[in-house]
Amino acid sequence: MSKRIVITGMGVTSPLGNDAEAFWKALCEGRPGIGPVTAFDTADYPTKIAGEVRDLDFTRFVDAKEVRRNDRAILLGLAASHMALADSGLDLTNEDLDRIGVIVGSGVGGLSTMETEDRKLIARGPGRVSPFLIPMMIADMPAGRISMAHGLKGPNYAVVSACASAAHSLGDAFLMIKCGMMDAAVVGGTEAAITTLSFAGFCSMKAMSTRNDTPEKASSPFDIKRDGFVMGEGSGIVVMEALDHALARGAKIYGEMFGYGATGDAHHLTSPAPDGTGAQAAMRMALSSAGLAASDIDYINAHGTSTPLNDEFESVAIKHVFGESVGSVNISSTKSMTGHLLGASGGIEFIASLLAVRDGVIPPTINYEDPDPKCPLNYTPNKAVKRAVRYAMSNSFGFGGHNASLIVGKYEP
């Protein structure tokens, strides 16, 4: 039997705050989390701004020795997973741990560790490279570490699909619980790519904003002044459960996941397909799997990267899929406040979509001042909007032509 799937716990680390409610409050207030980079000296870089996670004490979640033995991407994921499990109220001593999985994606994994150890190799030779390099660096280790921390023995792996990693992780968990492979999962994404090499690569591509004098305005999706994305870091993790499992333990339920679509552009390494054809297909697949019409969607959390081509082609894709109902849907890009969390973006944006459903509030697209005529839709400019949200869609697209769309909505018994 195909099961209904609900969300019972949430955990967030982000440039806007380090729990789900603080993150949500900042989004609804339209507060940007972008500022000058503090992680390294940006003097030689054309981009000098990012959305960094601040004021997070990892020893709240792991002991000090383990903090030293884990990359920042792993630690961010561990923190959010602890929050999500605590929020869910799951008593793991009463659960079949073989039936609870962990699927946590990351676009680049432990990049900071790789850079640090490479510098040691060059300066001091191979004997000085840490024995923890590989387990700190590989992209599957956030999922592995989370499973070990909580004894979770169900399906356990990472999805790596660039900026769609977390969304694909959520989609995979949805399908696996739905078909009975597990009862529940800790699922989402984590990323910590504000590093010297990552910045150098994206700057060489001319992909990131150089509006360093006004960092709070640099991420401006759908605005004609947009000049590239602003990198962020953090994690977004949820506890996803089969409805019967959640009801049996009397869990609070934030909302229900209804649909998932995943497609490939087969077009270009970094540019989306013209007219967003792959994105269109992913949105249509998500609607079909949910048994919904486009007119049922009240809110779209757009991928909305603040790059010229993504914002244009995503707008075209939404217009094609939603047709005559496009005027009645609110769209926003929360990346205008968080920056782009790369592989973790789909996790925190799924949580934003879920909370929009819960509270009946559409978070805004801030810095939307000069509309781009190629992006002619309702992007919920600059201020949150109160409206009932029955169903919300969250879009994530990644380099390599990876597309994912998720649909979440109100839980009704």
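**Contacts, core, rings and sheet**

Tutor: Leaving aside residues up to four places away in sequence, Met10 touches Ala20, Glu21, Met83, Ala84, Asp87, Ile237, Val238, Tyr254, Ile351, Leu354 and Leu355, where contact means heavy atoms within 4.5 Å. The model is predicted: local features need pLDDT of at least 70, side-chain atom pairs count only at pLDDT 80 or more, and totals for chains, interfaces and linings use all residues. Residues are numbered from 1 along each chain as its sequence is written, and side-chain values use heavy atoms, leaving out hydrogens and water.

Student: Which residues touch the most other members of the largest nonpolar core?

Tutor: They are Met10, Phe23, Val238, Met240 and Phe350, in a core of 47 residues. Such a core is a set of buried Ala, Val, Leu, Ile, Met, Phe, Trp, Tyr and Cys residues joined through side-chain atoms within 4.5 Å. Helix H14 (residues 345-359) gives the most to this core, with eight residues; helices (H or I, at least four residues) and strands (E, at least two) are DSSP runs, numbered from the N terminus.

Student: Why is Phe202 called buried, and what is Phe399 called?

Tutor: Buried means under 20% relative accessible area, exposed over 50%, and partly exposed in between (1.4 Å probe, protein chains only). Phe202 has 15%, so Phe202 is buried. Phe399 has 36%, and is therefore partly exposed.

Student: Why is the pair of Phe202 and Phe399 called tilted?

Tutor: Rings of Phe, Tyr and Trp (its six-membered ring) pair if their centres lie within 6.5 Å; planes under 30 degrees apart count as stacked, over 60 as edge-to-face and the rest as tilted. The centres of Phe202 and Phe399 are 6.4 Å apart and the planes stand at 50°, so the rings form a tilted pair. Phe202 lies in helix H8, and Phe399 in the loop between strand E13 (391-398) and strand E14 (402-409), 197 residues apart.

Student: What makes strand E5 (156-157) and strand E10 (330-332) edge strands?

Tutor: The open sheet of ten strands has the order E5-E4-E6-E7-E1-E8-E14-E13-E9-E10, with mixed pairing. Two strands pair if DSSP finds at least two bridges between them. E5 and E10 each have a single partner strand, so one side of each is left without a neighbour in the sheet.

Student: How do you know that strand E1 (residues 5-13) and strand E8 (residues 255-264) pair?

Tutor: Three bridges join E1 and E8 in the antiparallel sense, which meets the requirement of at least two. In E8, Glu256 is the bridge partner of Val6.
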